[in-house]
4 protein chains.
Amino acid sequence: MIIVLKPNQKQETIDAFIKKLTAEYEVQVNTWVGTHSTVLGLIGDTTVIDSEYVAAQDFVESVKRVQEPYKKANRKFHPDDTVITLPGGQKIGGGSLTMIAGPCSVESEEQICLVAESVKKSGAQFLRGGAFKPRTSPYAFQGMKAQGLELLKKARKLTGLPIVTEIMSIEHLDLFEDVDVIQVGARNMQNFELLKQLGKLDKPILLKRGLANTIEELLMSAEYIMAEGNEQVILCERGIRTYETITRNTLDISAVPVIKRLSHLPVIVDPSHASGINWLIEPLAIAAAAIGADGLIIEVHNDPSHALCDGAQSITPDQFEVLSRKVNRVFETVSAL
Amino acid sequence: MIIVLKPNQKQETIDAFIKKLTAEYEVQVNTWVGTHSTVLGLIGDTTVIDSEYVAAQDFVESVKRVQEPYKKANRKFHPDDTVITLPGGQKIGGGSLTMIAGPCSVESEEQICLVAESVKKSGAQFLRGGAFKPRTSPYAFQGMKAQGLELLKKARKLTGLPIVTEIMSIEHLDLFEDVDVIQVGARNMQNFELLKQLGKLDKPILLKRGLANTIEELLMSAEYIMAEGNEQVILCERGIRTYETITRNTLDISAVPVIKRLSHLPVIVDPSHASGINWLIEPLAIAAAAIGADGLIIEVHNDPSHALCDGAQSITPDQFEVLSRKVNRVFETVSAL
Amino acid sequence: MIIVLKPNQKQETIDAFIKKLTAEYEVQVNTWVGTHSTVLGLIGDTTVIDSEYVAAQDFVESVKRVQEPYKKANRKFHPDDTVITLPGGQKIGGGSLTMIAGPCSVESEEQICLVAESVKKSGAQFLRGGAFKPRTSPYAFQGMKAQGLELLKKARKLTGLPIVTEIMSIEHLDLFEDVDVIQVGARNMQNFELLKQLGKLDKPILLKRGLANTIEELLMSAEYIMAEGNEQVILCERGIRTYETITRNTLDISAVPVIKRLSHLPVIVDPSHASGINWLIEPLAIAAAAIGADGLIIEVHNDPSHALCDGAQSITPDQFEVLSRKVNRVFETVSAL
Amino acid sequence: MIIVLKPNQKQETIDAFIKKLTAEYEVQVNTWVGTHSTVLGLIGDTTVIDSEYVAAQDFVESVKRVQEPYKKANRKFHPDDTVITLPGGQKIGGGSLTMIAGPCSVESEEQICLVAESVKKSGAQFLRGGAFKPRTSPYAFQGMKAQGLELLKKARKLTGLPIVTEIMSIEHLDLFEDVDVIQVGARNMQNFELLKQLGKLDKPILLKRGLANTIEELLMSAEYIMAEGNEQVILCERGIRTYETITRNTLDISAVPVIKRLSHLPVIVDPSHASGINWLIEPLAIAAAAIGADGLIIEVHNDPSHALCDGAQSITPDQFEVLSRKVNRVFETVSAL
């Protein structure tokens with residue numbers, strides 16, 4: 001951590017601050033005196049030092065971290081890729097491409113079973129489906145809730161596909177006991193109380209990047225889960241909010257190699273939410289597979305124009321079949337490079 | 001609602017769609033046939049029509065709302081300003097400027113009481129203070145929690161100032177029973193389950209705009225609370241995330257007059273979080289008062305450089321005293337224009 | 001074009017406006033009268049109607065285009081892909097992947113010739129290199145200017161590679177007479193006077209997307225060039241500015257399929273400027289090839305750590321050789337899907 | 001400048017780099033050896049060191065400037081406010097509030113004279129008006145060009161108001177000889193060749209912030225002009241591009257106090273372009289005056305609904321008269337605080 005002090009500070013102020021830092025944290029402090037400012041350099045474990053606290057000192061001009069503020073999610077301290085393995089043997093991470101597919105929301109037993117069977121046939125290893133739906137409008141369909149979770153389990157029983165579904169509130173935790181992978185949506189990426197609770201489970205958590213969150217903040221949210229003991233975290237890039245209006249969000253494809261360099265956690269891509277447009281899903285899925293994503297999560301609906309939500313960004317089972325074939329072909333090529 | 005169809009659609013497809021719309025919603029549909037496309041115009045109550053559902057039809061090119069998708073928060077249906085009045089007589093909205101001040105987080109009885117007394121003396125009508133603190137890092141101070149709420153109540157008893165404090169989880173609702181105004185932080189603006197619960201209370205809710213949320217989304221989140229029956233919502237502009245890095249966020253000052261035109265709800269401004277820099281708070285507070293904000297929420301700490309959080313954006317009680325005087329002077333001038 | 005009027009307008013105001021529209025433009029106007037507002041629908045060629053002019057009428061609430069505001073760049077009126085062919089037979093567009101490579105800036109005859117020969121050997125079909133350099137700081141190296149152009153021509157003579165180089169000012173047009181492809185940088189995307197001049201040439205123009213420009217604005221800038229008669233425009237996605245700070249810009253990979261759907265012009269990707277980090281260039285290049293880009297423009301420097309500009313985002317000739325091989329392998333796979 | 005090196009570098013590499021830095025620049029280099037990385041601290045004049053060059057060294061992890069990269073625009077080296085004074089005595093900067101008003105574009109002698117007279121009566125000290133108009137569409141009105149400049153001069157002769165008008169190309173420089181203040185539009189903020197030419201004039205330059213440019217980049221563009229000898233630069237905040245769609249841009253009101261702290265140059269605000277909506281102009285103008293802007297530039301049109309451009313964001317002379325009175329009243333109050 002590098003601390004630039006404002007010009008013309010009293011030596012005793014600086015000395016007292018250094019004394020405090022070395023007393024409270026396991027760090028050493030070096031000092032440089034420049035023409036316009038004095039700079040302090042902290043060496044040691046600075047992860048636990050709150051940079052906002054440092055910045056608040058009235059003699060501090062600015063603070064810069066040299067070390068990343070996350071530990072458990074940091075590849076530096078955990079060089080090997082984390083591979084998430086489910087009891088049924090399905091894997092996420094470690095050099096394979098995992099396909100997670102299913103409807104935006106569960107609508108009926110018939111619908112979810114039909115989609116589950118079709119995506120399984122096309123090679124999906126996980127079934128996604130929303131039971132609790134975060135919607136901008138209180139007047140929009142909010143999901144089938146507990147009943148939706150039951151239908152997901154029926155589809156799982158039928159197909160053997162483990163289920164991935166979103167939790168929206170700590171209150172619902174009990175209902176999710178038998179869910180295979182719990183998803184935290186973009187809007188809850190910094191719902192820290194929820195993250196802490198999920199950190200106490202022994203179950204994979206799929207953590208989506210928030211609409212306006214940096215990659216570092218995403219890793220800090222993963223750290224919230226991991227710090228409580230649950231290290232099975234899957235990160236998901238799903239588009240960020242920019243000024244461009246043709247696409248619903250802007251897929252930050254660079255996030256995949258960047259996260260893989262900074263962290264050992266698996267990273268998947270959600271081209272459905274990233275674009276919001278069904279004809280963009282296949283090209284984005286191909287690009288994600290080509291750049292090294294560990295998986296894809298894709299909205300598939302048997303009848304998009306009657307979907308109760310996100311129809312405009314859903315593809316049909318037939319389109320998924322084609323997508324799946326192409327994506328796997330590209331993934332094989334890239335893996336062999 | 002205006003629906004642009006893709007070119008070359010079969011007449012029966014269009015007819016069936018129109019029939020469905022008029023059957024399910026209280027709307028009339030007009031049709032225009034253009035050179036390149038056909039356009040449908042819906043007249044009636046389109047608030048409850050899910051525009052994503054419409055966009056998902058494979059013959060639909062684009063959808064545009066003419067009417068706003070919110071009702072209870074909409075000034076069109078409620079032309080008069082909403083004024084929130086507390087049992088003690090304190091008001092927010094309706095032509096006055098309400099000052100809410102206090103530390104980022106409650107740290108001790110001495111600290112909160114000292115700050116409460118000093119901000120009261122300078123004219124604050126409400127005391128703010130965080131007991132549950134949303135922090136990016138799991139290693140940063142997370143607030144005094146339940147104990148912090150107790151200390152806030154002690155400060156209230158001492159000064160008579162009603163308290164404003166942030167809720168981070170539905171689980172804590174019981175603890176907030178005796179809180180005067182419950183704050184929903186920027187990161188929870190779209191925590192819809194929390195909003196619904198708060199909608200069942202008979203207590204003012206201070207709803208902060210999310211870092212990447214549009215004004216329309218903020219009003220939709222207010223609508224979530226109001227749709228459950230609680231119409232005492234105070235909106236808060238606290239800066240949005242942009243590419244500029246000198247300030248922590250970019251205060252969207254235009255949001256104040258825009259929201260006041262679209263909605264009857266009171267709007268306050270948080271210059272502390274908007275800027276993240278203590279020397280910017282006074283000028284931003286003055287600008288907010290000048291543009292017609294109904295109030296300000298400001299972080300004041302007796303000793304910013306020892307604050308356990310947000311010290312860099314806190315001002316001292318003395319600075320608050322000066323700010324308060326200046327802001328009120330500007331507010332009087334503007335009110336008399 | 002759909003025009004929503006403010007409520008409660010006088011009939012004669014509306015009638016006069018419709019009369020004016022039909023008199024000045026080749027359009028028909030349909031009218032709907034809704035509960036809260038009246039809507040006008042314009043049918044015909046609305047490209048030439050200035051939507052800002054319409055929005056400025058005091059009885060107009062909002063304006064929405066149904067038709068795109070560009071014609072010559074519009075795939076609707078020109079369904080086949082435009083293929084740019086150079087006198088030497090090199091092509092951009094139409095199903096091939098064109099590699100453009102070379103240093104950020106020309107630094108010496110030795111450097112540019114060495115890089116040109118090496119990138120040619122690795123399969124590049126064009127040589128890039130900056131002679132006039134747009135730099136944020138007036139104190140940074142500004143390029144070798146006219147002399148740099150001469151050195152580029154020497155490298156072209158040596159290798160046969162056509163040259164692509166950036167123009168920064170109309171004043172320099174004469175110097176660019178013998179340049180093969182003239183590049184317009186991101187900062188000049190809306191330098192309309194420059195675009196008009198380039199529209200009078202018979203030479204391909206490589207037009208980069210501005211840091212904060214929408215895809216529609218990029219196509220409108222292409223339209224500026226094409227409206228003057230020069231239809232040889234190559235579009236380039238090079239990253240847009242967002243709040244993320246790890247990468248210099250955020251590559252908007254979705255822009256490639258979106259532009260290809262809206263326009264017939266070829267689209268290339270610049271992974272060097274998009275990321276600003278050399279280890280990100282290969283993965284981004286692979287993703288771009290996978291998603292269907294018509295080409296790549298990549299900064300290659302024989303000695304990045306001594307480059308006079310953009311060294312941090314340059315790769316070495318050896319790295320380019322590897323990249324080129326991988327990218328072509330992915331492109332072949334995708335082409336065969 | 002602080003340079004963080006990648007871990008595990010050879011000592012001779014580091015030594016050679018330090019030797020090079022001290023040989024080429026007037027700096028001293030301090031070294032810290034930390035657990036995970038080595039850090040170099042440069043003391044001296046680092047303004048002329050290209051931080052991109054440093055970042056390009058393959059052993060460098062990251063670079064951070066402590067000192068700002070601009071000198072002539074820097075308040076540190078020029079503590080007193082710059083006041084621009086015109087031959088006619090009109091001033092910008094130094095504690096007054098300068099009003100610049102006029103139509104988006106000059107449309108006829110009658111129009112420009114009528115507006116000029118009316119804004120003068122309401123207290124404007126400068127007349128603005130566009131002769132060369134940067135328009136997104138090549139099919140939109142492009143301004144009256146040279147003829148427009150002549151009409152502006154007629155209006156100046158009539159009213160005595162100095163004229164402010166935008167230059168779009170170096171080629172037009174001769175035409176601007178008799179213009180009082182030359183404006184550089186947002187789209188040309190980084191048209192560096194133009195800036196250099198303007199730096200050779202002895203005439204105030206009004207430099208607008210680009211849509212996606214940081215405050216530091218704006219100051220660097222001012223530095224381009226000043227480095228050539230022309231220190232009469234007026235900066236203008238006119239809204240930046242964000243994801244919010246209700247307003248055309250987002251006025252970054254914090255930029256005013258931030259720039260005034262970093263630089264001695266005067267800063268004005270353009271509420272017309274910032275909002276794009278006429279009913280927002282007055283509140284934004286009031287806020288700008290309250291926060292300490294040195295002036296306002298406002299679009300006023302005698303007949304906004306017939307304006308050839310930007311009508312939606314123009315106000316009438318009567319509205320300007322009211323605005324001017326209110327804004328001055330607020331400015332007086334704030335000045336007296």
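Let me start with one helix pair. Helix α9 of chain B passes α9 of chain D in a right-handed crossing. Before going on: this is a predicted model.

The two α9 helices each cover residues 278-291. They pack at an angle of about 150°, with their axes 8 Å apart. Angles over 145 degrees count as roughly antiparallel, so α9(B) and α9(D) are roughly antiparallel to each other.

Which residues make the contact? On α9(B) they are P283(B), L284(B), I286(B), A287(B), A290(B) and I291(B), and on α9(D) they are P283(D), L284(D), I286(D), A287(D), A290(D) and I291(D). By class that gives twelve nonpolar residues, no polar ones and no charged ones.

Now stay with α9(B) and turn to its contact within chain B. The axes of α9(B) and α10(B), residues 317-335, come within 8 Å and cross at roughly 25°. That makes this pair roughly parallel. The crossing of α9(B) with α10(B) is right-handed.

From α9(B), the residues involved are I281(B), E282(B), A285(B), I286(B), A289(B) and A290(B). They meet V322(B), L323(B), K326(B), V327(B), V330(B), F331(B) and V334(B) of α10(B). Here the classes are eleven nonpolar, no polar and two charged.

Last item, chains A and D. 23 residues of chain A are in contact with 23 residues of chain D. The area buried between them is about 1,900 Å², and carbon and sulfur atoms give 75% of it. On the chain A side, W32(A), I43(A) and K64(A) lose the most area to chain D, together 32% of what that side buries.

How many salt bridges are there between chain A and chain D? The count is zero.

Notes. Residues numbered from 1 in each chain as written. Chains lettered and ligands numbered in written order. Predicted model: local features only at pLDDT ≥ 70, side-chain atom pairs only at ≥ 80, totals over all residues. Heavy atoms only, no water. Axes fitted to C-alpha atoms, helices over the stretch in contact; angles between N-to-C directions. Helix = DSSP H or I, 4+ residues; strand = E, 2+ residues; numbered from the N terminus. Parallel < 35°, antiparallel > 145°, perpendicular 65-115°, else oblique. Left-handed = near helix turned anticlockwise from the far one by under 90°. Contact = heavy atoms within 4.5 Å. Nonpolar A, V, L, I, M, F, W, Y, C, P; charged D, E, K, R; others polar. Buried area = accessible area lost by both parts, 1.4 Å probe. Salt bridge = Lys/Arg side-chain N within 4 Å of Asp/Glu carboxyl O.
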